[in-house]
Amino acid sequence: MSIVSASELFIYNTLFEGLAAILGLVRPSFLFTGSELSSSGREAATWWSCAALVLAVNTALGAHIPDDDEGKKVIGKGMLIYHTLLTFFMIIRVITRFSFFNFITLIGHSFFFYSFYEYVMTR
């Protein structure tokens, strides 16, 4: 049984990634709570924010593709890989530098990991 429909999943992911991207562009140090950012760290946060914005646009476009379309399945598989990697990264981040933002981000990526896993495996 799925938590959300496929279109809702893509829309929620768009909002999640879009918000993170905007926060990262406006205030890069927000992404790396508890650490001072060097100029290269700020640049890395800005590049990550741009990539997250691209992901948000891709999933926004994917939300309007019919569920049986092969392109939507490919986007779902890519998002599954992305959220798998970020879930593992955020587990390490929460263990090494706990903060409320890191914990909420871990919960968000875990939700999307499970939802995209379910989406990919049931299609």
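1. Ground rules. The model is predicted: local features need pLDDT of at least 70, side-chain atom pairs count only at pLDDT 80 or more, and totals for chains, interfaces and linings use all residues. Residues are numbered from 1 along each chain as its sequence is written, and side-chain values use heavy atoms, with hydrogens and water left out.

2. α1 against α2. Helix α1 covers residues 6-26, and helix α2 covers residues 39-62. (Helices are DSSP runs of H or I, at least four residues, numbered from the N terminus.) They pack at about 160 degrees, with axes 8 Å apart. (Axes are lines fitted to C-alpha atoms over the stretch in contact; angles run from 0 to 180 degrees between N-to-C directions.) The pair is therefore roughly antiparallel. (That label needs an angle over 145 degrees; under 35 is roughly parallel, 65 to 115 roughly perpendicular, and the rest oblique.) The crossing is left-handed, meaning that the near helix is turned anticlockwise from the far one by less than a right angle.

3. Who touches whom in that pair. On the α1 side, the contact includes F10, N13, E17 and A20. On the α2 side, T46, W48, L53 and A56 are among the residues. (Contact means heavy atoms within 4.5 Å.) By class, the contact has ten nonpolar, eight polar and one charged residues. (Ala, Val, Leu, Ile, Met, Phe, Trp, Tyr, Cys and Pro count as nonpolar; Asp, Glu, Lys and Arg as charged; the others, Gly among them, as polar.)

4. α1 against α3. Helix α3 spans residues 70-96. Its axis and that of α1 come within 12 Å and cross at roughly 45 degrees. These two are therefore oblique. This crossing is also left-handed. From α1, A6, S7, F10, N13 and E17 meet K72, I75, G76, M79, Y82 and H83 of α3.

5. α3 against α4. The axes come within 8 Å and cross at roughly 150 degrees. α3 and α4 are therefore roughly antiparallel. α3 passes α4 in a left-handed crossing. The contact holds 15 nonpolar, eight polar and four charged residues.

6. The largest pocket. Its volume is about 400 Å³. (A pocket is an open set of points on a 1 Å grid over the protein atoms alone, where a 1.4 Å probe fits, with protein on both sides within 12 Å along at least five of seven lines; lining residues have an atom within 4 Å of a point.) Of its 18 lining residues, A20, L31, W48, F101 and T105 are closest to the centre. The lining has 13 nonpolar, three polar and two charged residues.

Key. Grid points are joined across faces, edges and corners, and a volume is the space filled by probe spheres set on the points.
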